[in-house]
Amino acid sequence: MPRTEAAEVVGAAGGTGVVAAGAETPAAASPRRPRPRRVAAALWSLPPIAALALVFLYPLALVVWQSVSPEDGGHSTAPYTAVFAEASFREALTNTVLLAAGATAGALLLGLALSLVIAFVPFPGGRALSRFIDLFLAFPSFLITLALLFLYGSAGLANGLWTDVTGAAHGPLDFLHTPWGVLLAEVTYFTPFVMRPLLAAFSQVETGQLEAAASLGARPWRIVRTVILPEALPSLAAGGALVLVLCLNEFGIVLFTGAKDVVTLPMLVYTKALLDGDYTGACVVAVVNITLSVTLYALYRTVMSRTGGGPAFRTGGAHRAGA
């Protein structure tokens with residue numbers, strides 16, 4: 001009798017599912033995917049790969065190719081040398097880095113303070129405010145800029161109240177068209193991008209640890225420094241890296257504030273391409289901006305991988321009701 005048939009006889013007779021020695025079982029075998037299935041899976045992956053190459057990789061390749069194609073013909077790195085020698089490029093690069101770093105630092109500090117209050121200080125509406133932050137992330141950046149213009153612009157609410165009360169010709173607030181106005185708008189818009197991962201991290205903090213520290217006489221600031229912050233540092237680093245990448249490429253806020261003297265790399269691309277007609281120079285600046293963005297994104301992914309994602313972008317499993 002063949003071995004497979006002997007296994008079936010023994011299993012049927014004993015009723016215990018024990019297979020005779022030497023019998024082949026499905027668990028013992030290691031079936032391989034048939035070759036036609038592997039070929040079919042490869043064929044199904046071709047359309048999304050082709051779409052990605054057409055929509056993203058091909059335009060990116062064109063930008064890089066144009067950046068090394070001078071207007072007089074041929075291909076060389078002369079456009080890079082010319083753009084790097086321009087004072088406008090160096091100023092735009094400096095503005096971009098300083099604004100991104102300043103907005104990231106401001107968003108981290110403000111986001112940390114607000115997240116601590118929402119997560120650990122009970123007050124009416126705290127849960128609703130936490131949920132609103134998720135909705136805020138979907139808002140376009142120019143809405144925040146328009147709101148600030150309505151409040152602090154030359155003809156905004158604050159200046160209007162001042163002129164009504166004092167009779168002055170104009171109000172005292174005129175900073176939205178300066179780098180400080182751009183910085184305020186970016187901090188306001190990007191702070192929720194820091195708060196969301198922080199609130200998720202705070203929701204994982206055991207309340208027993210806080211109660212034990214308080215019972216031992218630890219002051220609130222010491223509890224924050226020794227118990228809460230160590231749990232939040234991975235999420236704080238991940239949120240800060242994400243905000244840094246987003247600030248580096250922000251265009252709408254700078255454009256809608258009307259800050260003509262604040263030129264960033266995205267604004268310089270816009271100026272060279274649409275106003276000056278210098279498409280090669282615009283592509284050079286775009287390649288520099290893309291390189292910086294990819295480098296910072298790699299930093300962001302490194303932070304996320306080292307923290308295992310952590311609780312940064314999880315929203316479930318709350319140990320704290322406020323988060």
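**Pocket, cavity, helix and cysteines**

User: Which helix supplies the largest share of the lining of the largest pocket?
Analyst: This is a predicted model. Three helices each supply at least two lining residues: α4 (87-120), α5 (126-136) and α8 (179-202). The largest share is five residues, and it comes from α8.

User: How many charged residues does the lining of the largest pocket have?
Analyst: The lining includes Leu110, Phe132, Ile133, Phe136 and Met195. Thr188 and Thr191 are also in it. By class, ten residues are nonpolar and two are polar.

User: How much space lies in the largest pocket?
Analyst: The residues around this space include Leu114, Ile118, Leu129, Val187 and Pro192. The space in the largest pocket is about 220 Å³.

User: How many cavities of 30 Å³ or more are there?
Analyst: The largest cavity has a volume of about 30 Å³. Its lining is Thr96, Leu99, Ala100, Glu186, Cys247, Leu248, Glu250 and Thr264. The count of cavities of 30 Å³ or more is one.

User: Which element gives the most to the lining of the largest cavity?
Analyst: Take the lining of the largest cavity, with Thr96, Leu99 and Ala100 among its residues. Two elements give two or more residues, α4 and α10. The most, three residues, comes from α4.

User: How many charged residues are in the lining of the largest cavity?
Analyst: Glu186 and Glu250 are among the lining residues. By class, four residues are nonpolar and two are polar. The charged residues number two.

User: Where in α10 does the kink lie?
Analyst: Helix α10 (residues 220-248) has 29 residues. A straight helix would reach 42 Å at 1.5 Å a residue, but the end C-alpha atoms of α10 are only 36 Å apart. A kink of about 55° lies shortly before the proline Pro230, at Leu229.

User: Is Cys247 buried or exposed?
Analyst: Cys247 also lines the largest cavity. Buried means under 20% relative accessible area. Cys247 has 4% relative accessibility, so this cysteine counts as buried.

User: Is Cys283 buried or exposed?
Analyst: The cut-off for buried is under 20%. Cys283 has 13% relative accessibility, so Cys283 counts as buried.

User: How many disulfides does a search of the whole structure find?
Analyst: A disulfide needs a pair of cysteine sulfur atoms within 2.5 Å. With that cut-off, the number of disulfides found in the whole structure is zero.

Terms used: Residues numbered from 1 in each chain as written. Predicted model: local features only at pLDDT ≥ 70, side-chain atom pairs only at ≥ 80, totals over all residues. Heavy atoms only, no water. 1 Å grid on protein atoms, 1.4 Å probe; cavity = no way out; pocket = protein on both sides within 12 Å on 5 of 7 lines; lining within 4 Å. Points joined across faces, edges and corners; volume = space filled by probe spheres on them. Helix = DSSP H or I, 4+ residues; strand = E, 2+ residues; numbered from the N terminus. Nonpolar A, V, L, I, M, F, W, Y, C, P; charged D, E, K, R; others polar. Expected span 1.5 Å × (residues − 1). Bend = angle between axes of the 7 residues up to and from the residue. Buried < 20%, exposed > 50% of the residue type's maximum accessible area, 1.4 Å probe, protein only.
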